[in-house]
Amino acid sequence: WVEGDGVYRTTDGGANWTAANTGLFTSIGPLAIDPSAPETIYASSGDGVSKSIDGGASWTEISNSTDGHSFRGLAIQRMAWSKTAVNVVAASTMFAAHGSNASYSNTLQGIYYSTDSGSTWRLAKASEDANGTLLTSVASSHSIVWNPADHKFYAQLRYHGIYVSKPDDPSAFYRLPAQPDTAGAGTLNDAGACPQVGSTSTCPMFRGEIAINPIRNEIYTWWI
């Protein structure tokens, strides 16, 4: 995240562009549009998330989650909406390189979710399995998707692996028992290199992406 020129909008296929930055911090990252409300746009910055309900004409900053976590110094990487529970959305987040909160006081990275179309947010829980112990450290997340075949959210957690939610409920995620990697030392399936509860840089998943083929219920992922 570096200081930029904000958001621009075109309504004629790119022939002309206008700035859409009223109330918006201009150092921003990813943009996301609510599929059930196309005039609702989210912009991520090092100071949290800004929301527009009028196609970018004006913006309102959301600076905190309702469970007491500041969004200062936090950047949203991806957002995913449920298509069956239309008010449910989840976001993968990480600490930003640019932002007003140098110490990240009371700021936690991880997966945040909303049940009111992004008006308010809460930090999702993550555990080693569906009924397991919560993670002892909060991990950044670079990718999250919603799978229409099973109505579940899938996310990558740095130094942990692939995690999944219950159907249309991103309030809690658990680690997939079978990770997308080969067996053997130093892989995602190696409990020594990639412990389920603790976090260690020996776990090979640093960042990557997840993609869904909704027609065939296929999930693709890559990581480094």
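Is glutamate 61 buried, exposed or partly exposed? Glutamate 61 is partly exposed, at a relative accessible area of 34%. Here buried means under 20% relative accessible area, exposed over 50%, and partly exposed in between (1.4 Å probe, protein chains only).

The views below show a predicted model, in which local features need pLDDT of at least 70, side-chain atom pairs count only at pLDDT 80 or more, and totals for chains, interfaces and linings use all residues. Residues are numbered from 1 along each chain as its sequence is written, and side-chain values use heavy atoms, with hydrogens and water left out.

**View A. Arginine 72 and glutamate 61 form a salt bridge.** The N to O distance is 2.8 Å. A salt bridge places a side-chain nitrogen of Lys or Arg within 4 Å of a carboxyl oxygen of Asp or Glu. Three salt bridges turn up in a search of the whole structure. In this one, glutamate 61 sits in strand E6 (60-62), and arginine 72 in the loop between E6 and strand E7 (74-81). The two residues are eleven apart and link distant parts of the chain. Strands (E, at least two residues) and helices (H or I, at least four) are DSSP runs, numbered from the N terminus. Arginine 72 is partly exposed, at 28% relative accessibility.

**View B. Arginine 78 meets glutamate 209 in a salt bridge.** Their closest N and O atoms are 2.5 Å apart. Arginine 78 belongs to strand E7 and glutamate 209 to strand E16 (residues 208-213), so the pair ties together parts that are 131 residues apart in sequence. Arginine 78 is partly exposed, with 33% relative accessible area. Side chains of opposite charge can pair when their charged atoms come close.

**View C. Arginine 216 and glutamate 218 join in a salt bridge.** The N to O distance is 3.0 Å. Arginine 216 is exposed, at 54% relative accessible area. Glutamate 218 is partly exposed, at 24%.

**View D. Isoleucine 62 is buried in the model.** Its relative accessible area is 11%. The residue lies in strand E6. Isoleucine 62 and serine 50 are twelve residues apart in sequence, and their C-alpha atoms are 5.7 Å apart. Neighbours within four places in sequence aside, the contacts of isoleucine 62 include Gly48, Val49, Phe71 and Trp121. Contact means heavy atoms within 4.5 Å.

**View E. Serine 92 is buried, with a relative accessible area of 0%.** Strand E8 (residues 89-95) holds this serine. Alanine 155 is 63 residues away in sequence, yet the C-alpha atoms of serine 92 and alanine 155 are 7.5 Å apart. Leaving aside neighbours within four places in sequence, serine 92 contacts several residues, among them Ala75, Ile76, Gln77 and Arg78. Gly110, Ser141, His142, Ser143 and Ile144 are also in contact with serine 92.

**View F. Five strands make an open sheet with mixed pairing.** The order is E11-E15-E14-E13-E12. Strands E11 (125-127) and E12 (143-147) stand at the edges with a single partner strand each, so one side of each has no neighbour in the sheet. Neighbouring strands are turned by 25° against each other on average, direction ignored. Axes are lines fitted to C-alpha atoms, for helices over the stretch in contact, and angles run from 0 to 180 degrees between N-to-C directions. E11 pairs with strand E15 (residues 169-175) in the parallel sense, over three bridges. Pairing requires at least two DSSP bridges between two strands. Alanine 126 has phenylalanine 173 in E15 as its bridge partner.
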